[in-house]
Amino acid sequence: MAIRIVRLGTARGPREGLRIGTVRRPPRGVPKSEFAKQDWYDVWFPTLAPSLETMKQAQAARTPAQWNAFVRKYKAEMKGHDAQHALELLAAMSHGSDFSVGCYCEDESHCHRSILRELLADKGAALA
């Protein structure tokens with residue numbers, strides 16, 4: 001049992017389980033009834049998405065220093081009570097269920113899901 005970190009909208013892997021969208025907004029131009037069918041997500045969970053301001057900072061980051069500033073800001077946001085409870089819940093669930101979390105970014109190394117992977121690992125999550 002484990003959490004997979006995925007790019008939303010890509011084909012699901014074997015035994016991926018429930019797909020959770022940790023994104024600020026639903027996919028544009030896709031009817032809600034098609035989210036799961038088109039492999040976007042089964043459940044929308046914006047609690048673990050960067051704030052709009054922080055997301056824009058990540059998108060604008062062109063240098064390592066700018067990216068590191070985003071990482072610090074996103075990690076600070078994830079120290080809030082709601083985010084901490086969500087991370088702890090997902091980490092605990094990872095030991096008994098297969099599911100995935102993700103976002104839309106093409107390059108995980110330049111995306112909040114790379115930090116989300118780290119935060120979940122710090123909580124003791126079983127990661128695939």
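Two strands are taken to pair if DSSP finds at least two bridges between them. On this basis, the predicted model contains an open sheet of four strands in the order β1-β4-β2-β3, with parallel pairing. Strands of a sheet pair through backbone hydrogen bonds, either parallel or antiparallel. Strands β1 (3-7) and β3 (43-44) stand at the edges of the sheet; each has a single partner strand, so one side of each lacks a neighbour in the sheet.

The pairing of β1 with β4 (residues 99-103) is parallel and extends over five bridges. Within this pair, Ile3 has Phe99 of β4 as its bridge partner, and Arg7 stands opposite Cys103 of β4. Strand β4 also pairs in the parallel sense with β2 (residues 18-21), here over four bridges. In that pairing, Ser100 of β4 is the bridge partner of Arg19.

Burial of β4 was examined next. Residues count as buried when their relative accessible area is under 20%. Five of the five residues of β4 are buried, and the strand is therefore largely enclosed by the rest of the structure. In a regular strand the side chains alternate between the two faces of the sheet. Both faces of β4 are covered, with Phe99, Val101 and Cys103 buried on one side and Ser100 and Gly102 buried on the other.

Helix α4 (residues 112-122) lies across β1 and β4 and runs at about 175° to β1. Two further helices were found to contact α4, namely α3 and α2.

The axes of α3 (residues 81-93) and α4 come within 9 Å and cross at roughly 70°. Angles of 65 to 115 degrees count as roughly perpendicular, and α3 and α4 are therefore roughly perpendicular to each other. Leu87, Leu90 and Ala91 of α3 make this contact with Leu116, Leu119 and Leu120 of α4. By class, the contact comprises six nonpolar residues, no polar residues and no charged residues.

Helix α2 (residues 64-77) packs with α4 at an angle of about 50°, the two axes being 11 Å apart. The arrangement of α2 relative to α4 is therefore oblique, and their crossing is right-handed. On the α2 side, the contact is made by Trp67, Phe70, Val71, Tyr74 and Lys75, and on the α4 side by His112, Ser114, Ile115, Leu116, Glu118 and Leu119. The residues of this contact divide into seven nonpolar, two polar and two charged.

Technical notes:
Residues numbered from 1 in each chain as written. Predicted model: local features only at pLDDT ≥ 70, side-chain atom pairs only at ≥ 80, totals over all residues. Heavy atoms only, no water. Axes fitted to C-alpha atoms, helices over the stretch in contact; angles between N-to-C directions. Helix = DSSP H or I, 4+ residues; strand = E, 2+ residues; numbered from the N terminus. Parallel < 35°, antiparallel > 145°, perpendicular 65-115°, else oblique. Contact = heavy atoms within 4.5 Å. Nonpolar A, V, L, I, M, F, W, Y, C, P; charged D, E, K, R; others polar. Left-handed = near helix turned anticlockwise from the far one by under 90°. Buried < 20%, exposed > 50% of the residue type's maximum accessible area, 1.4 Å probe, protein only.
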